Amino acid sequence: VSNEASKATNTATDMDVQPQAMATGYSQNPDLILATEEATRQALAYLPTGANIDLGLVFVSSIYDGQYSPTVIVPTIVDTCQTENFSLSKLIGCSAGGIIGTKEQQPHDSAAADLHARRSQRSIQAVENEGGAGVVVTLCVFPDTKIRTFHLQEDDVPDDVSYMSPQEWKQSVGMSCLNQSPKAGDDMDASPSFLLFPAPSFQKDLDDFLKGMKMAFGDGVQSTLMGALSSTVSSLSRAKLFRYDVDEPNVIQTLTEGCIGVSMVGDAEMKVMVAQGAKPVGGVYRIVSGKDSTIGVIQLDEMATKQLEEDAPSNGIEGEELQEEEEEDDNEELEQQKMDAKKKLAAAYAKAAIPKPVLAEANYLMKTLSDDDQAFMRKFLLVGLERSGGMIGNSPSEIIRLAQGKGHRFTVHQVASAGMKDGSVTLPLGSVNVELGTRMRFFVRDGSFAKKEVEAIWTGYKKRELESTFAQDSKPFQPTGCLMFPTLDRGKKFFGGKSGYESSAVVEYVPNLPSLGGFFCNGIISRLDDADKQFMVHGSASCYVLFGSKSRRPVFCAAKAQEEKERAELLAKKQEEERQALAAENEKKLKYARDLSLGDDDDMPAPRSADGELIIKRREVHSGRALTISSVQWSVAEKMAKPTSALEGFMWDKETEVDRLRERVPLANLVSQCKLFDMDPSKPKPRDWIAPVRAAARQGFVIIPELKRTEPMTGSLRKRYDVKKLTKQFINAGATALSVNCDQVYFGGSLEDITESREAASEAILKASNAEEGVIAPPILASDLILYPYQLYKLRLAGADAVTLVVGALTTKDLLYFTKIAATLKMNVVASVTSEVQIDRLTKLGSRIDAISVSNRDLESFSFDDTGAQALNLLSSEAMRTFKQSHPDAVVLAEGRVGMIEMDNGMGDKFAHLYVEALKDAGAMGAIVGGGIANVNKDDVGEFLESFY
């Protein structure tokens with residue numbers, strides 16, 4: 001497998017990007033300073049720890065007037081941020097006749113009252129406080145966004161912009177630092193967004209200001225502008241404006257006049273929606289005569305009105321002029337009343353087909369309305385002008401259009417004055433220029449209709465966002481927070497006595513919204529939606545502003561951040577416990593290995609035969625004397641046998657392990673299972689382990705990585721041992737074959753390691769970019785101390801392709817028997833030797849040996865020859881030359897500290913590759929490397945494998 005199979009393009013994840021964040025705090029504390037501190041701390045609790053706060057917003061109930069000087073508000077917020085190790089860059093805000101915030105829910109457990117408990121248990125709950133004491137603080141972290149604050153006085157706004165250039169106007173109002181008006185094709189990041197909070201006294205200059213903004217920054221499509229006029233609980237109070245800017249020394253302002261605001265350029269995005277709260281009544285008219293902002297004569301548009309009537313029964317929406325919500329009722333009198341009302345309205349429409357002055361038509365229409373609607377029209381006259389240039393669209397219904405995401409059809413204006421002589425009406429100056437032929441309708445304020453409008457607006461928003469996401473195949477817009485600005489008349493009373501209706505709707509339609517804040521204002525400044533080009537002042541409406549990221553950067557979630565932190569702490573704790581447990585297990589194994597290698601007397605060597613080989617005794621099953629107590633006979637150990645070498649102790653433990661396995665699954669069952677495996681095409685078949693190793697050896701010295709958890713004399717080789725991960729890592733690095741140590745007694749492995757490694761190897765090959773049809777995953781060599789045929793069958797079922805036979809642990813008879821069984825199971829055999837005597841036994845065996853591996857391990861102590869001389873001597877021995885003559889096709893390998901043993905270059909320097917070159921010169925074709933590759937960085941494994949070619 002080529003190393004290129006492991007190279008993948010690294011893509012940036014959300015974790016690499018600084019998140020956007022908004023958080024709102026709310027307090028009803030009767031003390032102004034304490035309320036401000038509490039609200040600020042609540043907001044800080046849901047921001048990234050120690051973050052730089054780019055923008056702060058504060059809305060303070062005017063009920064606090066007279067308690068403290070309002071000049072304490074901004075310093076209190078700044079000082080609280082600094083105390084909590086946050087930095088605040090900008091802040092604006094104002095007084096309010098009512099505030100909107102998110103009320104912090106109390107944790108269920110009283111003991112969980114600390115910061116972390118609140119962050120993890122918090123659930124957003126919107127609250128609207130009309131006329132009561134309260135402070136709302138919203139803090140924003142907007143990365144890659146340049147924010148500037150400004151304050152305008154009434155005298156700063158030019159009365160006539162027609163003679164000024166955009167730059168001259170900007171300079172006049174103190175915005176010369178902002179970009180010129182964006183042009184088509186410009187980067188949208190260069191288009192500023194504006195948030196304004198004017199004092200009520202600034203309202204007379206708003207029209208001139210908005211005209212200048214349109215001239216200087218475009219027609220509203222490129223730039224976003226919205227604002228809310230500050231308000232008070234009592235008309236006797238004077239509205240306050242607050243401003244703080246770290247870039248302007250000594251700018252901590254508390255003002256009573258003018259307009260404060262911020263401009264934002266960069267990644268921050270505002271999506272603005274407006275609810276007008278006005279129900280259309282009567283038919284659709286066309287303006288026959290009018291000039292400037294005055295409407296003189298209107299005439300019924302019969303085609304548009306007819307379409308409206310046809311649409312009414314099918315849409316079932318309450319509030320359109322011809323339908324009230326019809327409930328099933330068998331009352332004939334009620335049905336007759338409805339018929340009479342329709343006839344009455346039809347007669348009015350017949351008269352309306354004749355051009356009439358606006359007031360005259362309004363009087364005719366008023367007679368057909370309910371008592372409540374008539375009462376409203378006697379006090380206020382609302383007219384709506386069509387925005388769509390005369391196109392009715394698929395649905396004339398206002399509610400249906402909003403729910404479909406198409407926006408408002410009519411812009412509602414309140415009549416400023418009426419001509420009693422000619423019956424004309426005049427809209428507020430500068431709000432609109434009347435065009436003849438424009439469609440028009442009459443409207444009334446209605447709480448029930450307003451509820452449906454709010455629901456339809458948010459339904460349409462979700463529909464637009466969904467369509468936009470699919471159309472652009474991009475990440476969806478994820479709101480970081482929402483600001484909400486209803487006018488003072490849109491509170492509890494307007495919505496039928498239900499407090500918090502609008503804020504609850506926002507939370508419902510935008511789930512998982514991190515922040516919601518705002519205040520009840522004297523009027524809003526905005527366009528109706530994204531398609532509208534005109535900024536105007538709405539005297540009775542609600543504005544919703546969703547903040548998000550243009551680049552779709554992640555949104556910070558305090559609860560999620562806390563969960564991740566706790567998860568990381570738990571993981572670290574678990575890893576430490578695992579490390580300590582592993583260290584204890586290592587110490588236990590090391591002590592056991594040392595005890596085996598030393599025996600009872602440090603100076604007593606293990607017994608050996610005349611040829612120098614260890615004398616190995618198999619485990620004594622029956623030992624002890626009989627002892628009878630009452631009618632029960634017990635076997636009592638007199639002197640327990642102890643192994644004389646590490647290998648002997650290893651064999652005894654392995655025999656015990658196999659005995660336990662045979663008690664659960666007899667050998668006959670394993671033999672049957674292997675036969676079924678061979679007949680089942682879906683089961684894995686043994687692969688040739690020797691062929692890819694021999695092919696790689698033709699190119700150079702081949703390194704075969706070994707997956708090994710522990711080493712008896714040194715302990716764990718890795719902090720975390722993940723078989724699948726290591727297998728994929730080695731294969732992606734270019735390994736042609738693998739060795740998996742599955743011994744549990746000394747090396748901490750298991751049979752499952754074989755199965756997992758085989759599956760992971762197949763997955764890695766399939767995912768490799770250059771994998772072609774027919775490519776076979778690298779085969780697996782099972783490294784274990786095999787003492788019984790039972791083990792060979794277990795390894796075959798686990799998925800092994802080849803097995804290792806430790807020659808020093810087996811008799812010649814067992815070697816011959818095991819090699820024949822392995823051949824029957826179609827598994828290759830790799831014989832591991834530590835002496836020339838063992839090599840000679842293999843030569844005389846008369847059975848096929850696929851590979852021979854010379855080892856640097858000392859079987860008496862299970863330690864290694866750290867000089868590497870043992871393997872080199874075996875490779876250069878006469879016994880090896882004789883073996884090669886009798887087994888010319890056998891692959892010759894080395895093992896034991898390869899990659900760790902260093903040789904001197906004759907100049908006093910030692911290098912690991914010099915030992916590998918010595919092995920190669922001595923006749924080794926490759927090496928099985930376990931400990932030598934364990935400490936290699938995963939990114940350097942490929943280089944390690946290639947370095948010895």
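**View A. Both F59 and F519 are buried.** Buried means under 20% relative accessible area, exposed means over 50%, and partly exposed is in between (1.4 Å probe, protein chains only). The model is predicted: local features need pLDDT of at least 70, side-chain atom pairs count only at pLDDT 80 or more, and totals for chains, interfaces and linings use all residues. Residues are numbered from 1 along each chain as its sequence is written, and side-chain values use heavy atoms, with hydrogens and water left out.

**View B. The structure contains 21 aromatic pairs.** One of them is F59 with F485, edge-to-face, with 6.0 Å between centres and 90 degrees between planes. F59 sits in strand β3 (residues 55-61) and F485 in strand β24 (residues 481-486), so this pair ties together parts 426 residues apart in sequence. F59, F197, F485 and F519 make up one aromatic cluster. Rings of Phe, Tyr and Trp (its six-membered ring) pair if their centres lie within 6.5 Å; planes under 30 degrees apart are stacked, over 60 edge-to-face, and the rest tilted. Helices (H or I, at least four residues) and strands (E, at least two) are DSSP runs, numbered from the N terminus.

**View C. Helix α9 (residues 371-379) has D373, Q374, F376 and M377 as its buried residues.** Down the axis of α9, these residues fall within an arc of 160 degrees, so they line one face of the helix. The arc is that of the directions from the helix axis to the C-beta atoms. An α-helix has 3.6 residues a turn, so residues three or four places apart point the same way. D371, D372, R378 and K379 are exposed on the other side of α9. Cover for the buried residues of α9 includes β16 (278-291), α8 (358-366), β19 (382-386) and β23 (439-445). Contact means heavy atoms within 4.5 Å.

**View D. V288 belongs to strand β16.** Buried or partly exposed? V288 counts as partly exposed, at 39% relative accessibility. Leaving out residues up to four places away in sequence, V288 touches V297, I298, Q299 and L436.

View E. The buried residues of α19 are P789, Y790, Q791, L792, Y793, L795, R796, L797 and A798. Elements covering them include α14 (646-664), α15 (667-679), α18 (751-767), β35 (780-783), β36 (802-806) and α20 (812-824). G799 follows α19 and has a positive phi, near 110 degrees.

**View F. R796 lies in helix α19 (residues 789-798).** R796 is buried, with a relative accessible area of 2%. Which side chain does the side chain of R796 meet in a polar contact? The partner is the side chain of D678, at 3.2 Å. A polar contact is a pair of N or O atoms within 3.5 Å; within protein, one must be able to donate a hydrogen and the other to accept it, and residues adjacent in sequence count only if both atoms are side-chain atoms. Setting aside neighbours within four places in sequence, R796 is in contact with C674, F677, D678, P684, K685, P686, L825 and M827.

**View G. The count of disulfides is zero.** A disulfide here is a pair of cysteine sulfur atoms within 2.5 Å. The cysteine sulfur closest to that of C521 is in C543, 8.3 Å away, too far for a bond. C521 is buried, with a relative accessible area of 1%. C81 is also buried, at 0% relative accessibility.

**View H. The protein chain holds 26 helices and 42 strands.** Of its 949 residues, 53% count as buried. Among contacts between residues at least 6 apart in sequence, 78% join residues at least 24 apart. The chain exposes about 44,100 Å², and carbon and sulfur atoms supply 50% of that area. Accessible areas come from the Shrake-Rupley method with a 1.4 Å probe; for residues, only the protein chains shown count as cover.
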